[in-house]
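Let's take a walk through this protein together, one piece at a time. Keep the picture open as you read.

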Amino acid sequence: MGLIHRLSPRLANQIAAGEVVERPASVVKELLENALDAGADRLEIEIEGAGSRLIRIRDNGCGIGAEDLPLALARHATSKIDSLDDLEAVRTLGFRGEALASIGSVSRLSITSNDSDEGPGHRAASEGRDQAVTVTPAPHPRGTTVEVRDLFFNTPARRKFLRTEKTEFGHLEEVVKRLALARFDVAFDLRHNGRSVHRLRPADTEAEQRRRVASVCGPAFLEQSLPLSREAPGLRLAGWIGLPTFSRSQADLQYFFVNGRIVRDKVVAHAVRQAYRDVLYHGRHPAYLLYLEVDPAQVDVNVHPTKHEVRFRESRAVHNLIYGTLHRALAELRPGDSPAAVPAAALAGEPVPAQGGLGLAGAAAPAGPAPGSRVPPAPGGRGPLGPPLGPQGTRN
Ligand SMILES: Nc1ncnc2c1ncn2[C@@H]1O[C@H](COP(=O)(O)OP(=O)(O)O)[C@@H](O)[C@H]1O
Ligand SMILES: [Mg+2]
């Protein structure tokens, strides 16, 4: 008798879940990313017990057909990539095909979905060691509802690591905030224990976008920050940076998005730190909300399972653009300047094409793209940088 045996699918998934499903917030992140990848523009998030009791996410995306439901719950099954070439230019938030299988192995998971405007829809749940999937008809409009109950009920070690309800909900809310800042075109509705926490309507105009930023980052940030927007060949940077007087004791208001994906990156952090070096006291942290768009082929997102890290092929160009833009904006400030006193044109660098009137540095005169620059549209939809994407409703 040999000593080696295959792990049951559930056990293999539980091991994989160790990497991706750390706490309720990670489940919410994976499920919301799936809904966005499915082209949804309305997300309803219902939470009980900070997510350990219930996470229910309903979207109006493309839905999943009955024949695909068992695969959606299986490991290493995805509709998002086919080949390594696809991975090179991946535009979806997910692509590993692991999240649902992992979540299903450490919770009671069900998916109800409909991929058409007629017909009833179907519900799927997976059970047992082999995570066999049962599919039954169930009413649902086009779109998907994923329900995760009793997270970590069968992995007590994980459950023990959960912190207080307040802490866990704080993490979960942060996930929602980040996605709400990444996708101004999507409505978010977050409820906890029956109470409404965030109700964000789609933000199309600049005024609506500013309102969303104020409601997510706090009104003080918006009042004490500079809008900026600048292009370099193949790169586009926009967003808001906090005035030196708005510095923080913690690095808690720092958001950097690359092609709509929140990212923590050493190159970026270094560039920002350098830019603020002369205007911040030691130990203080700048606040910023920055969006970088770059050709997806120029950035590797397959560096880390939760995809929080990326690798830029041209990291020097990225560093230069961020450092240069921020440093210049900060250098032009005079003591006592308020953001309104700074000529927006001075901060805007080369003007960004104001698609749909969404140029962030609103006062800068819109013109065509800088000569020779080629900036692809953001993947996964419309960030505040503007250009709406092509049709997304297809299964992707
Ligand atoms: N909310 C959703 N709407 C439509 N399809 C979904 C949704 N969630 C998951 N899916 C489908 O299930 C598949 C597996 O999801 P997941 O395990 O998260 O892997 P990945 O997102 O990496 O593909 C996805 O590729 C997608 O086809
Ligand atoms: Mg996914």
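Predicted model: local features only at pLDDT ≥ 70, side-chain atom pairs only at ≥ 80, totals over all residues.

If you want to spot one of the pairings, look for His192, whose bridge partner in strand 8 is Arg195.

Now find helix 7, which covers residues 165-182. How far apart should its ends be? With 18 residues at 1.5 Å a residue, helix 7 should span 26 Å, and its end C-alpha atoms are 26 Å apart, so the two agree.

The largest nonpolar core has 86 residues, and the ones with the most contacts inside it are Val28, Ile103, Val176 and Leu292. Which helix gives the most to this core? That's helix 7, with eight residues. The core also draws at least three residues from each of domain 1 (9-200) and domain 2 (206-357).

Next up is an open sheet of five strands, in the order 9-10-13-11-12, with mixed pairing. Strand 9 (225-232) and strand 12 (261-262) stand at the edges with a single partner strand each, so one side of each has no neighbour in the sheet.

Let's go across the sheet. Strand 9 is joined to strand 10 (residues 235-242) by eight bridges, and the pair runs antiparallel; here Pro227 has Trp240 as its bridge partner. Strand 10 and strand 13 run antiparallel too, with seven bridges between them, and Ile241 is partnered with Tyr288. Strand 11 (residues 254-258) runs parallel to strand 13, joined by five bridges, and Tyr255 has Leu289 as its bridge partner.

Is strand 13 (residues 288-294) mostly covered or uncovered? Mostly covered: seven of its seven residues are buried. Tyr288, Leu290, Leu292 and Val294 point one way, while Leu289, Tyr291 and Glu293 point the other way.

## Around the ligand

Finally, look at ligand 1. It is surrounded by 22 residues, and the closest are Asn34, Ala38, Thr78, Gly94 and Ala99. Helix 2 (24-37) and helix 5 (99-105) are the elements that give two or more residues to this shell. Sorted by class, the shell has nine nonpolar, eight polar and five charged residues.

Note on methods:
Residues numbered from 1 in each chain as written. Chains lettered and ligands numbered in written order. Near = placed C-beta within 6 Å. Helix = DSSP H or I, 4+ residues; strand = E, 2+ residues; numbered from the N terminus. Nonpolar A, V, L, I, M, F, W, Y, C, P; charged D, E, K, R; others polar. Expected span 1.5 Å × (residues − 1). Pairing = 2+ DSSP bridges. Core = buried A, V, L, I, M, F, W, Y, C linked by C-beta atoms within 7 Å. Buried ≥ 20, exposed ≤ 12 C-beta atoms within 10 Å, placed from the backbone. Domains from an automatic or database assignment.
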